[in-house]
Protein chains: 2
Amino acid sequence: MRDLSKHPELLSINHATVRMQCTLPQLVDLCARKGVRAIATWRDKIADHGIEASARLIRDAGLRVTGHCRAGLFAANTAEERKAILAENCRALDEAAAVGAESLCVIGGGLPKGSRDIAGAHEQVRDGLAAMLEHARRVGVKIGLEPLHPMYAADRACVNTMKHANDLCDALGPGIGILVDVYHVWWDPELPAEIARAGRAGRILGFHVCDWLVPMRDMLLDRGMMGDGVIDIPRIRGLVEGAGYRGSVEVEIFSAENWWKRDAGEVFDVCKQRYATVC
Amino acid sequence: MRDLSKHPELLSINHATVRMQCTLPQLVDLCARKGVRAIATWRDKIADHGIEASARLIRDAGLRVTGHCRAGLFAANTAEERKAILAENCRALDEAAAVGAESLCVIGGGLPKGSRDIAGAHEQVRDGLAAMLEHARRVGVKIGLEPLHPMYAADRACVNTMKHANDLCDALGPGIGILVDVYHVWWDPELPAEIARAGRAGRILGFHVCDWLVPMRDMLLDRGMMGDGVIDIPRIRGLVEGAGYRGSVEVEIFSAENWWKRDAGEVFDVCKQRYATVC
């Protein structure tokens, strides 16, 4: 297992971690001041600054882009909606190509409005991924499918386990892999087997960290800083590295009442310190 | 699939559904007035009325007891704690025997205080179940292991899928089965396969219903009335009945801000109506 304290270059800060504090230029500037060499971008922040300008800014700063967030969200009730979603996902792939992202982060979407058909939602994800994969291969961007915690199945993402993600990747062929986020998968007894399976297929495209707080005050926006919760992050990092993963460790923290209210420089300092000691 | 509107006798009301409104005698009285023939009991409510008196009251009313809630909660840091938990679980088994419950509802417990060792917590559940199984067989009460939603893994129950529950039952042998609660398992793409597996082993001991609301205001106490959320309850009932289940349909709703604030008679009326139409 790699000693992260000797590999500061592997730390990536996802823009979501300081989304309330920073525009893209402010994020890039903060990375330079704090010695952070990689980021993950978000569509709205890139749009705010302009795609070409964002790509240039990131390139000139010498930053790696470990992921572009995010697309997927396949829940649709009509063929027209499906078509619009595909077009949106293709635009997200183009952006990911423009900023040089290692993958486009994709989540499944929940149930279509008014639907109780979870099996149908699963089929819709498979079909939607297949459709956007054609464009992904064309523009040379990998799809990073991220299983989200099962508590989001209804309204956000109905791909909720590594097994489901692996099954989809097996069915869909080259050009798609998996983003492993400890927050979403830490509870799963199948995790070691399914990470090993993903590793054998060479499809682990990213590794995201934050922590699961107890108690949790909000299902979406109360994610913890690494070390403040109950996830054994080194164990899971050991699993992904044991499965051959050599990529970055991306910090993604949605925290409306805590980290989003702090100074971004302070957040960076804590991220760096925790990255080097508890991840 | 059974037509529930023709089988009012299969409706069971779990005391949790009206726990703020009713003592055990009030629950039993309400069942008589509303023509409900089965209940699930809770330890604290039985203790309030006395075990012998509770058993007599239920027997005299001719009520079936589809489950006694609840035990398990194996998270421990020391041998002494483990011993105390086992003793408590044996007392719960004795109570279940006294009230004639079809099974004792058991949940895994979360991580021990201060622990991040989820694999260790899983082992602790297996060992704890094995220990209480000896007593369960002695007193002739079945253990009904209930997988809870993965969002409870840290602080309440670290057995979160039908697959995990099936694996544990396979490992532990006779005397233990599974309670299928739609709220906890509806999202799982492995559900059909794992319900079929449980059915083949003859181990589906109960079927619980409520609904998953969107949005959900509280992770524990905002469960919905059947029909008010996104769960396709008939589909899952079809799966368990297809797997050979012939038992009751137990309504268990934790709802601090809605159903717990209503008149218990009204709650019963709505439960009966929804049971006959949307389950």
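Modeller: B:Leu145 stands opposite B:Ile178 in E6(B), strands being DSSP runs of E, at least two residues, numbered from the N terminus. This is a predicted model: local features need pLDDT of at least 70, side-chain atom pairs count only at pLDDT 80 or more, and totals for chains, interfaces and linings use all residues. Residues are numbered from 1 along each chain as its sequence is written, with chains lettered from A and ligands numbered from 1 in the order in which they are written.

Biologist: How many bridges join E5 to E6 in chain B?

Modeller: Three, between residues 143-145 and residues 176-181, and the two strands run parallel. Strands pair if DSSP finds at least two bridges between them.

Biologist: In what order do the strands of chain B close into a barrel?

Modeller: E1-E2-E3-E4-E5-E6-E7-E8, eight strands with parallel pairing.

Biologist: Switching to the chains. What rotation superposes B on A?

Modeller: 180 degrees, with 0.0 Å of shift along the axis and RMSD 0.0 Å, by least squares on C-alpha atoms of residues with pLDDT of at least 70 in both copies. That is the relation of a two-fold axis. The same surface serves both copies, as 100% of the contact residues of chain B recur in chain A.

Biologist: How many residues are in contact there?

Modeller: 23 of chain B with 23 of chain A, contact meaning C-beta atoms, placed from the backbone, within 7 Å.

Biologist: And what is A:Leu104 in contact with?

Modeller: Leaving aside neighbours within four places in sequence, its contacts include A:His68, A:Ala92, A:Val141 and A:Ile143.

How values were computed. Contact = placed C-beta atoms within 7 Å. Helix = DSSP H or I, 4+ residues; strand = E, 2+ residues; numbered from the N terminus.
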